[in-house]
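Hi,

Here's the structure I promised to pass on.

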Amino acid sequence: REPRSLPFRSLSRSELAHSAALVPPMPKEIKVKRRGGDGGGAAGGGAAASSSAPYHRHVGVQLQHSLGQHLLKNPLVTAAMIEKASIKSTDVVLEIGPGTGNLTLKLLEAAKKVVAVEHDGRMVVELQKRLHGTAEGRRLQLIHADVMKVELPFFNLCVANIPYQISSPLVFKLLAHPQRFRCALLMVQREFAQRLCAKPGDELYCRLSVNTQLLAKVDHLMKVSKNSFRPPPKVDSSVVRIEPRNPPPPVDFVEWDGLVRLCFNRKNKTLGAVFRQKPLLQLLADNLKTHRALVGAMAGGMAGGGGEGSSGGDGGAAPMETGGGGGGGLLAEVGELVEQVLEETGFAEERTAKLDQDDFLRLLAAFNAVGIHFAGC
C-alpha cells in the first residue's frame, strides 16, 4: 500500500524554537597548531603562543621582551663560545644575564668562579633552584641587580649572551672597568657586531667603531642564527671578542668622543664643510669661552686673588668679546683657528668616513694645541 502523505503545515515560532533546542549544537572546529622545531615553538613549551603575546614560557618562567630575554638553546653555540673563550681553571668569569643557566653551567665546569648578574628576580630563583645542593653552585656568585647600575666586582674574563638593548652602554661600561680584564666574548646583534668591527671606508663605519677600537681590539668570531634562541629574536646574532688595550691609550676620552661625535654627524662630508658651519663654530666658541673662564678662575684661585683671574691672562677680557651673532669677536677667532688646524693637518678635503684612529688623534692634538676643546660638545 502507498503510504499516506500528511498534509503540510507551517510551524509556529514557538514550535521552531522548541525543535531547535532539541538539536545538539555542532562542535567547534579545533585548529591544531604546529609545534616548532625545538619542541616548544615560540612559547618555549606546550602549544605555540600567538604572535601578539608579550610573553613566552620556558621551564615555568615567562620571558619578557622588554628585558630582551632570548635564551640560548643551541648547545653547539654554547660549546663554541666556551672553546673560543679559552677559559683557565684560575679564571673568575663574569656573565651578564644568565637566564636559566645553560651557559652558566658550562662556565662553571671550566672556571674557578662565575659572577652572574641577573636583573630578573624570577630567573635568579630558577638558577638558584637549578644549582641548589651542587658543587658548582658553591662557585657561583649570583648578583640580583641591573648591570648598568651596579659596581662590577673583579673578573678576568666576560662571557655573556647580553640583552641587546643595552649592548652599546654595556660595552663601554666594561671597557671603563678600573681592573683590566683579559677579554670579553659577547653575543650581540649581527649589525651591532658589524659596526663594532667596521674599518674606515666601510658602510657601517661609525662613531661606535672608532670609540671601541680606540679602547680595545675587536674581532668577529662567529655568526649565530636567530633559531638558536628561544624565543627567536627578529635578527641573527654574532659573537665578538673585545680585548681591552693594555695600557689604555693616553687620551682624554671625553675630549675624543666630543670630536668624533661632531665629525660623524655628517660622516660623508669633508671636514672643511663640517667645521665651517656657523652653528658648529658658535658651539666651539662657547666651549672655548667656558674653557678660558675655568682656566682663569683656577689661575686666580691658585694666586689667591679672585679678581686677577677674571681680568688678565687667558681667562681675561677676550672671552667676553663674544657676540651672539655676526662675524666678530671670539666667533671670528675660532673660525681662524679652525682654518689653521685644517691647513696644518691637511684634512680640509678629507671625509670622516675615511679617517682612521691615527687621523683622529692628529686632529684632536692639533685642535687642543690652539686651545679648541671638545668636552661638552
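Predicted model: local features only at pLDDT ≥ 70, side-chain atom pairs only at ≥ 80, totals over all residues.

Residues are numbered from 1 along each chain as its sequence is written, and side-chain values use heavy atoms, with hydrogens and water left out.

The protein chain has twelve helices and eleven strands (DSSP runs numbered from the N terminus: H or I of at least four residues for helices, E of at least two for strands). Of its 377 residues, 43% are buried, meaning under 20% relative accessible area with a 1.4 Å probe, protein chains only. The chain exposes about 20700 Å², with 54% of that coming from carbon and sulfur atoms (Shrake-Rupley method, 1.4 Å probe). Among contacts (heavy atoms within 4.5 Å) with a separation of 6 or more, 68% are between residues 24 or more positions apart.

Now the helix pairs. H7 (residues 207-215) and H8 (residues 253-264) pack at about 155°, their axes 10 Å apart; axes are lines fitted to C-alpha atoms over the stretch in contact, and angles run from 0 to 180 degrees between N-to-C directions. The two are therefore roughly antiparallel, the word for angles over 145 degrees. On the H7 side the contact is made by Arg207, Val210, Asn211, Leu214 and Leu215, and on the H8 side by Phe253, Trp256, Asp257, Val260, Arg261 and Phe264. Sorted by class, that is seven nonpolar, one polar and three charged residues (Ala, Val, Leu, Ile, Met, Phe, Trp, Tyr, Cys and Pro are nonpolar; Asp, Glu, Lys and Arg are charged; the others, Gly among them, are polar).

The axes of H11 (residues 329-345) and H12 (residues 357-369) come within 10 Å and cross at roughly 140°.

Finally, find Thr352 in the loop between H11 and H12. Thr352 counts as buried because its relative accessibility is 0%. Beyond its neighbours within four places in sequence, Thr352 touches residues including Phe264, which is also part of the H7 and H8 contact, and Phe360.

Cheers

Methods. Parallel < 35°, antiparallel > 145°, perpendicular 65-115°, else oblique. Buried < 20%, exposed > 50% of the residue type's maximum accessible area, 1.4 Å probe, protein only.
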